[in-house]
Amino acid sequence: MVDESEKILLELEKAVTKLENSDKIKNIIKKALDQGISPTDIINSTRKGLNGVGELYEKREYFLMELIVAGNLVGQIMSFLKPSTSQEKKLEGKILIGTVQGDLHDIGKNLVAAMFSCMGFTVIDLGIDVPSERFIEMTRKEKPDVLALSTLLSIGVPQMKLVIDKLKEAGLRDKVKIMVGGRPITREYAQEIGADGYAEDAIAAVKEASQWLTRGGRRL
Ligand code: B12
């Protein structure tokens, strides 16, 4: 039998996939919070709902406009949730994140960034289509604990290796933990290119990073 909390989370997931208006979605989230559901579970439901958006796009039931709406909706949900996350366990650390060069996808990357931000991390988001040189420059300047690289495209995969190789050349590789993610990435591939970690979604990403930080992730 499905309990009340699961019912609300499923309602949220469906509302996100259907791209219901933000007031309706905020009401569901409010109901969830009143029920004692954690912001992490709410974000996880949002993620599942967004996966539904991706599937409908692939079936050609959604088009570019719907994807833009989905991206905006994620931003609104995260801002609405932010005050509630202050009650969750706060983690300290600085994350530098971006989508690699040649790739313009950012809905998933934004969700990962928002999740880190919700959990109390300082997030520096370099955006999309980020050249390897920019990741190096900003790693040197900002001294993040974690460098998070995203790609949804097969052509983005070698770009991740390029960033890691250039960090080595610049003598910065052992100063930062590197986490990679996105649809074509696997844990095996992450190991192969010399990344420290991989996560398949936003929740898992924070879990992976928090392990390093509580172990005292090294700073420059
Ligand atoms: C939305 C979308 C677009 C939108 C992007 C809008 C935007 N602002 O992001 C638009 C329409 C612009 C687009 C364009 C293109 N797209 Co597109 N797109 C998608 C689609 C349908 C959904 C992606 C999405 O947002 N999913 C929802 C989010 C929440 O999930 P996610 O991105 O996977 O992110 C999660 C995880 O991957 C992970 N994650 C992501 N990043 C990171 C980073 C770290 C560090 C970690 C730990 C985890 C992590 O956590 C996220 C949250 O849970 C996918 C198909 C799909 N179902 O995935 C195709 C898809 C990715 N696109 C594809 C293609 C081919 C293209 C185009 C080349 C199409 C074209 N011919 O022009 C262009 C590329 C443009 C470019 N240069 O980037 C292919 C890629 C194939 C491949 N192997 O390379 C896919 C798989 C579709 C397909 N089946 O063919 N696309």
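L149 has its place in strand β3. Helices and strands here are DSSP runs, H or I of at least four residues for helices and E of at least two for strands, numbered from the N terminus. Residue numbers start from 1 along each chain as its sequence is written. This is a predicted model, in which local features need pLDDT of at least 70 and side-chain atom pairs count only at pLDDT 80 or more, while totals for chains, interfaces and linings use all residues.

The term pLDDT stands for the predictor's confidence in each residue, from 0 to 100. Its average over the protein is 89, and 93% of the residues score at least 70. Residues 215–220 have a pLDDT below 50, and this stretch has 10 contacts in the model beyond near neighbours in sequence. Two residues are in contact if their C-beta atoms, placed from the backbone, lie within 7 Å.

Back to the starting residue. Is L149 buried or exposed? L149 has 28 other C-beta atoms within 10 Å, so it is buried. The cut-offs are as follows: a residue is buried with 20 or more other C-beta atoms within 10 Å of its own, exposed with 12 or fewer, and partly exposed in between, with C-beta atoms placed from the backbone. Apart from its neighbours within four places in sequence, L149 is in contact with G98, V100, M160, V163 and V180. By contrast, E66 is 83 residues from L149 in sequence and 25 Å from it in space, C-alpha to C-alpha.

The rest of β3 is covered as well: five of its five residues are buried. V146, A148 and S150 point one way from β3, and L147 and L149 point the other way. In a regular strand the side chains alternate between the two faces of the sheet.

The sheet that holds β3 is open and has five strands, in the order β2-β1-β3-β4-β5, with parallel pairing. Two strands pair if DSSP finds at least two bridges between them. Strands of a sheet pair through backbone hydrogen bonds, either parallel or antiparallel. At the edges are β2 (122–125) and β5 (197–198), each of which pairs on one side only.

On one side of β3 runs β1 (residues 94–99), joined to it by five bridges in parallel. I97 has A148 as its bridge partner in β3, and T99 has S150. β4 also pairs with β3 in the parallel sense, over five bridges. Here L147 has I178 as its bridge partner in β4, and S150 has G181. Five of the five residues of β4 are buried, so this strand is largely enclosed by the rest of the structure. K177, M179 and G181 point one way from β4, whereas I178 and V180 point the other way.

D129 lies in the loop between β2 and α6 (132–142). Its phi is near 55°, a positive value in a residue other than glycine. D129 has 16 other C-beta atoms within 10 Å and is therefore partly exposed. K143 sits in the loop between α6 and β3, with a phi near 50°, again positive in a residue other than glycine. K143 counts as partly exposed, with 14 C-beta neighbours inside 10 Å.

Next come the domains. The protein is divided into domain 1 (4–85) and domain 2 (94–214), with bounds from an automatic or database domain assignment. Their centres, taken over C-alpha atoms, are separated by 24 Å. Between them, 14 residues of domain 1 are in contact with 10 residues of domain 2. On the side of domain 1 that touches domain 2, the elements giving two or more residues are α3 and α4. The largest share of that side, eight residues, comes from α4.

Which residues are closest to the ligand? They are G54, G108, S150, G181 and D201, out of 36 that surround it; a residue is near a molecule if its C-beta atom, placed from the backbone, lies within 6 Å of it. Elements that give two or more residues to this shell include β3 (146–150), β4 (177–181) and α9 (202–214). With seven residues, α3 gives the most. Each of domain 1 and domain 2 supplies at least three residues to the shell.
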